[in-house]
Amino acid sequence: MTQLTGNTVKEQLDEIEYIQKARELSSRIADIKIAMLSTTEPDGSIDSRPMYTFKIEDDGLIWMFARKSSRKTTEIGLNPKVILNYSDPANDLYVTVKGTASVTQDPLKIDELWNDRYKTWFPYGKKDPELCLLRIQPEKAEYWDTPDLLLAQIVSLVKNTITGKANEEGEHKEVDF
């Protein structure tokens, strides 16, 4: 259970709303372990790469291990705005998270998230001098959750033919953090 820290009823209600948003995001992407992290290169172009993400807790933060000397950490240092794209085609679920990233070497958080399987990338373990964390504070999330795509397309075709209007199946939702 998350302890509320707000001093007023309004502050506590805002915290509860934020926790609900964080939990909704967490539940949507719980089974998707890899996100495409997009950063901005110094010339303004976009760079994307797959990254393993950890379970989102009530604070809403998204965590990833990274190398201090990597291009992504340099790009985040120059422009901390990032986009994460999660995709689960088998369930027709797509999620985009826009947020602000920072680089940290918080030893407590590293210890909390560490598993020896990460030695593949960080051979010296939790004490690897290249090991750092990306901390992403979500600002906005968008979900596209569609029913069986083939079935939805057939239904849409029939409705379009009968009514002359495009059919919108599934759910599209935007959440501001």
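Predicted model: local features only at pLDDT ≥ 70, side-chain atom pairs only at ≥ 80, totals over all residues.
# Notebook: rings, charges and a helix face

**Aromatic cluster.** I started with the rings and found Tyr-52, Phe-54, Phe-65, Trp-114, Tyr-118 and Phe-122 linked by ring pairs into a cluster. Residues are numbered from 1 along each chain as its sequence is written, and side-chain values use heavy atoms, with hydrogens and water left out.

My pairing rule: rings of Phe, Tyr and Trp (its six-membered ring) pair if their centres lie within 6.5 Å; planes under 30 degrees apart are stacked, over 60 edge-to-face, and the rest tilted. By that rule I get eight aromatic pairs. For the element names I use DSSP runs numbered from the N terminus: helices are H or I with at least four residues, strands are E with at least two. Both Phe-54 and Tyr-118 are buried (under 20% relative accessible area; exposed is over 50%, partly exposed in between; 1.4 Å probe, protein chains only).

**Salt bridges.** Next I went through the charges, counting a side-chain nitrogen of Lys or Arg within 4 Å of a carboxyl oxygen of Asp or Glu. The structure has twelve salt bridges.

- Lys-10 and Asp-14 form one, with the closest N and O atoms 2.9 Å apart. Both are in helix H1 (residues 9-29), four residues or about one turn apart. Lys-10 is exposed at 56%, and Asp-14 is partly exposed at 36%.
- Arg-28 and Glu-24 meet at 3.3 Å, N to O, again four residues apart in H1. Here I see both partners buried: Arg-28 has a relative accessible area of 16% and Glu-24 has 19%.
- Lys-81 and Glu-139 meet at 3.0 Å, N to O. Lys-81 is in strand S4 (residues 81-88) and Glu-139 in strand S6, so this pair ties together parts 58 residues apart in sequence. Lys-81 is partly exposed at 44%, and Glu-139 is partly exposed at 33%.
- I also noted a salt-bridge network linking Asp-47, Arg-49, Arg-71 and Glu-75.

Arg-28 came up again: its charged end sits over the ring of Tyr-143, 4.3 Å from the centre (the rule wants NZ of Lys or CZ of Arg within 6 Å of the ring centre and within 35 degrees of the ring normal).

**Helix H2.** Which residues of H2 (residues 71-78) are buried? I get Lys-72, Thr-73, Glu-75 and Ile-76. They span an arc of only 160° around the axis, which puts them on the same side of H2 (directions run from the helix axis to the C-beta atoms). On the face turned away, I find the exposed residues Arg-71, Gly-77 and Leu-78. The cover over the buried residues includes strand S1 (34-40), S2, S3, S4, strand S5 (93-104) and S6 (contact is heavy atoms within 4.5 Å).

**Strand S3.** Last, I looked at S3 (residues 62-67), where five of the six residues are buried. Six bridges join S3 to S6 (residues 131-145), and the two run antiparallel (pairing takes at least two DSSP bridges). Arg-67 stands opposite Leu-131 in S6.
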